[in-house]
Amino acid sequence: MTINWTTISESDRRRIAAWQKGMLALAIFCEIFLAADWYAFAAVLPFVSESLKLNPAEAGLAQGIFALTYGIGMVVWSPVSRSMTARNMLLIGLAGTGLGMVLQVFVQTYTQLVLLRLVIGFFDAGIFIGNMKLIFGWFPQSRRGSVVGIILAAYSLAITLDFALGIPLTIATGWRTFFAVLAVGTLIVAAIDALVVRNSPREIGIADFTWGNETPQKHLPLGEIFRSKWIAVGGFGIVACTFAIAGTATWVVPAFITVQHMPPEAGAVIGTVMGLSQVLFLVIGGYMSDRLGKPFMIKLTAGLAFLTALMFLWSVVTPMPFGMLVLFAALSGVALLGGGAIFALLSEKYSDALAPAAIGYAEVFGIFSAFVAPWMMGVIINASSGAFTGAFVAFAVVELIIVGLLLILAREDVRQGAVVGSPAE
């Protein structure tokens, strides 16, 4: 016999609430180091490029290549998530990523850099799916939009810190020191995970507790995921967001330095403002997604990502004062407004037995853009002898295509409330 939030004692509710805060805090730290390790290279791209003699196409590929094994990792970790605990997934992911970051400190060639970014990307995927599984174990459906919004905001906060702290630290001590700090932090979080993580209220002594979206079926076929259109909706929704975040994080600061003649040290200001904007809009969007329709939020966000691309295209063809560049950076976070809605939607449309795997496969759809965006834009910039206009035109065209696809796909079925793999089906 199962028990739920309404049938447990008040003392048990307080215990769960306390553990929720602790597990959310740990999930935030996991997400911070996942993203910080990913985008550290983008933050200090000019410094690493100078040190390793990289041209724009090579730099864009080095940043984007990370997504290749991140996507492969999603394919590997998604089926594993059905049987492995959130704690173990996080432990393996954090330890593997941390050790990869340690080795990255000592790279001497472009090939070594690319190989290590491939290794780190694979383990980072385990962190992300483990984080989602941890959240699903500790929070009910009614709160997952806002909680996932906070987790994704931590992702953007990490990118902010990469620019805000990474650039000054790199200027003062070199980019290798910056990478070393991230490596140590990642391994510390792995140790904390090993010591304190519990996967659900059942592991703190509240036996048979359920949030209501679990299923007794332990080995549901993964094919069930792809029989629903929502996997495509989630995937294309992620494409809209990740293309925007990867493209802007990699090329906006170099574009402002080149086109608007912004001093390089001001890149920390622009990167910080862009990151804080993402944090703000992700938190706001997470709460909105718990109150408004999630498909609507996903379509809205894709439209806003397209407008963001147009905004930055304007910035590379028109001379502007620095204050306008800061304003554009402050508005850039609207491209991620519905980020929390994407993962919350998948946790609604699939049972908890399939939701982490569904999210992993949706990430494969979307994460491809995190590889394509910086690389494609870098190739266009390199081919045009350092001009940025063509790259941002391509950015806008991709986002417009995604808007069209989501307008077709992200429509609610007449039959509401159906959950793939739920006990009721």
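View A. K53 counts as exposed because its relative accessibility is 69% (buried is under 20% relative accessible area, exposed is over 50%, and partly exposed is in between, with a 1.4 Å probe and protein chains only). This is a predicted model, where local features need pLDDT of at least 70 and side-chain atom pairs count only at pLDDT 80 or more, while totals for chains, interfaces and linings use all residues. Residues are numbered from 1 along each chain as its sequence is written, and side-chain values use heavy atoms, with hydrogens and water left out. K53 sits in the loop between helix 2 (45-52) and helix 3; helices are DSSP runs of H or I with at least four residues, numbered from the N terminus. Most residues other than glycine have a negative phi.

**View B. H261, another loop residue with positive phi.** Look in the loop between helix 10 (230-259) and helix 11 (267-289) and you'll find H261. H261 isn't a glycine, yet its phi is positive, at about 55 degrees. With a relative accessible area of 66%, H261 is exposed.

**View C. Helix 1 against helix 3.** Helix 1 (residues 10-43) packs with helix 3 (residues 56-64) at an angle of about 170 degrees, and their axes are 9 Å apart. For these numbers, axes are lines fitted to C-alpha atoms, for helices over the stretch in contact, and angles run from 0 to 180 degrees between N-to-C directions. The two helices, helix 1 and helix 3, are therefore roughly antiparallel to each other (that label takes angles over 145 degrees). On the helix 1 side, W38, Y39, F41 and A42 do the meeting; on the helix 3 side, the partners are A59, A62 and Q63. Contact here means heavy atoms within 4.5 Å.

**View D. T250, buried in helix 10.** T250 belongs to helix 10 and, at 0% relative accessibility, counts as buried. Leave aside the neighbours within four places in sequence, and T250 is in contact with A42, L45, Q63 and P374. T250 and I367 are 117 residues apart in sequence, and 15 Å apart in space from C-alpha to C-alpha.

View E. A search of the whole structure turns up 2 salt bridges, each being a side-chain nitrogen of Lys or Arg within 4 Å of a carboxyl oxygen of Asp or Glu. E10 pairs with R13, the closest N and O atoms being 3.8 Å apart. Both E10 and R13 lie in helix 1, 3 residues apart, or about one turn of the helix. E10 is partly exposed at 47% relative accessibility, and R13 is partly exposed at 23%. D12 forms a salt bridge with R15, with 3.3 Å between the closest N and O atoms. D12 and R15 are also both in helix 1, 3 residues apart, and R15 is partly exposed, with a relative accessible area of 34%.

**View F. S200, a buried loop residue.** S200 lies in the loop between helix 8 and helix 9 (223-226). At 16% relative accessibility, S200 counts as buried. Not counting residues up to four places away in sequence, S200 touches G137 and W138.

Methods: Angles under 35 degrees count as roughly parallel, over 145 as roughly antiparallel, 65 to 115 as roughly perpendicular and the rest as oblique.
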